[in-house]
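Dear colleague,

I am passing a structure on to you, with notes on what was found in it. Please look through it before reading on.

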Amino acid sequence: MKLLLKNGRVINPADGMDAVKDILITEGKIAAIGEALSADGAECFDAAGLVVAPGFVDMHTHLREPGLEAKEDIVSGTNAAAAGGFTTIACMPNTKPVVDNAILVAGLTQRAQAEGIVNLKVIGALSKGQEGKELAEIGDMILAGAVAISDDGRYVDSARLLKTALEYTGMFGKPIISHAEDESLVSDGYMHEGAVSAMLGMKGRPAVAEDIAVARDILLAEYVGAPIHIAHVSTKGAVELIRQAKKRGVKVTTEVTPHHLSLTDEAVIGFDTATKVNPPLRSQDHVLALVEAVKDGTIDAIATDHAPHAYEEKDMEYRYAPSGFAGLETALGVILTALYHTGQLSLMEIVRLMAYNPARILGLDAGVIRIGGAADLTIFDPDLDWVVDSNKFYTKGKHTPFEGKKLKGKAVATIVGGKIVMKNGKVIR
Ligand SMILES: NC(=O)N[C@@H](CC(=O)O)C(=O)O
């Protein structure tokens, strides 16, 4: 099996390449990168006018399997990933049961190999049942292939538990991913606390809840000397704390979602439950600070926090609806529209944030285009105009705050291990 990508603009942060090239793929691996390549019997893909990037890595996906398959499963979730241009996703353990032991990590990995259309990496829970009381089998899960440890969806309230967990994960060099919102300040809130929540008469989740949580997490990671990754950072205070910590040499990394970079709490006016998410959509000052932090490198990665729910679960009063919405199929379009077409980020920077850096944080052999490496590639048209229509989503999660929005830029092909798994929006199994 040979595949020849002709005349694509290859953007590869690993070596800074940004040039029109051909790429030859044989037996699932990249065999050559050059000009005017030819190969007998190869299938040809005309990539002229398109960007060829290392396959995107989403380090924060809720795949919902096991146990919550009405929301999503490995087939629908990895289809959505392929449709969005992701070749690798890492799934969060807040499932039913919680992925908190080695058997579940191994089982999920095995099922993903049989049913997944993209590469799937598993994130194990930090505490048993994600209850924040007793440590989960962290070492066993890492030996079974877990790429990170997280109680995502919940904050680890006990500083002592997080300290012990950092001591374990530090020995393996794997990051803890923290959902940083102080529970006591957010437990009865539904949206960002500020002028809009006051106007709507809704209980808020204040930004300071995230700032406090991030400050504690950084101090513990610094004390133990182990890596911590702050999930879906959303406040100006938190990014400033991370910026300062990085200057001191703390092993802290962070990610931001496309929605936190492009929407404000004003989206909640109208009470559309598709805008309900944790952490909540913030006010404009926070959004501007996040964009600045992406530009100056304080924020390392863009991650979707793809959190699909069944339609009927989201179809209720704002306060009762679950938090989270689908993100895999809109992420690239939102980022290109909000940050590339406005002149704030270059394509090289976007590929670094969506492929190279998340792979480095998780320690994956991914996010780079290199001879001999796996042919995991994302081909996208940065100028393609399209309108978000959740009826066309592959995910089961049909709620998105971007419904009906016009976006510019989209993945047009996804290649995993040399196989085209998505072309022109159609997933190929
Ligand atoms: N991000 C979300 O709004 N939802 C997440 C969990 C969570 O982080 O609260 C989910 O699993 O649904």
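In which loop is the place of His232? His232 sits in the loop between β13 (228–230) and α8 (236–248); helices (H or I, at least four residues) and strands (E, at least two) are DSSP runs, numbered from the N terminus.

Some background comes before the rest. This is a predicted model, in which local features need pLDDT of at least 70, side-chain atom pairs count only at pLDDT 80 or more, and totals for chains, interfaces and linings use all residues. Residues are numbered from 1 along each chain as its sequence is written. The protein has a mean pLDDT of 98, and 100% of its residues reach 70 or more; pLDDT is the predictor's confidence in each residue, from 0 to 100. The scores of the model are ipTM 0.95 and pTM 0.98.

Backbone

Most residues other than glycine have a negative phi, and most peptide bonds are trans. His232 is not a glycine, yet its phi is positive, at about 25°. His232 counts as buried because it has 24 C-beta neighbours inside 10 Å. The classes are buried (20 or more other C-beta atoms within 10 Å of the residue's own), exposed (12 or fewer) and partly exposed (in between), with C-beta atoms placed from the backbone.

Phe271 also has a positive phi, near 60°, and is a residue other than glycine. Phe271 belongs to the loop between α9 and α10. Since 15 other C-beta atoms lie within 10 Å, Phe271 is partly exposed.

Pro279 is found in the loop between α9 (258–262) and α10 (284–295). The peptide bond that joins Asn278 and Pro279 is cis, with omega about -15°. Another cis peptide bond runs from Glu65 to Pro66, where omega is near 5°. Pro66 is in the loop between β6 (56–61) and α1 (74–84).

Ligand

Which residues are around the ligand? They are His62, Asn94, Asp152, Gly153, His179, Val277, Asn278, Asp305, Ala307, Pro322, Ser323 and Gly324; a residue is near a molecule if its C-beta atom, placed from the backbone, lies within 6 Å of it. This shell divides into three nonpolar, seven polar and two charged residues. Here Ala, Val, Leu, Ile, Met, Phe, Trp, Tyr, Cys and Pro count as nonpolar, Asp, Glu, Lys and Arg as charged, and the others, Gly among them, as polar.

His62 and Arg429 are 367 residues apart in sequence and 21 Å apart in space, C-alpha to C-alpha. Arg429 lies in the segment after β19 (426–427). With 9 other C-beta atoms within 10 Å, Arg429 is exposed.

Domains

The protein is divided into domain 1 (2–51 + 374–395 + 403–427) and domain 2 (56–367), with bounds from an automatic or database domain assignment. Their C-alpha centres lie 26 Å apart. In domain 1, 26 residues are in contact (C-beta atoms, placed from the backbone, within 7 Å) with 34 residues of domain 2. On the side of domain 1 that touches domain 2, the elements giving two or more residues are β16 (377–387), β17 (406–416) and β18 (419–423). The largest share of that side, seven residues, comes from β17. The residues of that side divide into 16 nonpolar, five polar and five charged.

Regards

Conventions. Two residues are in contact if their C-beta atoms, placed from the backbone, lie within 7 Å.
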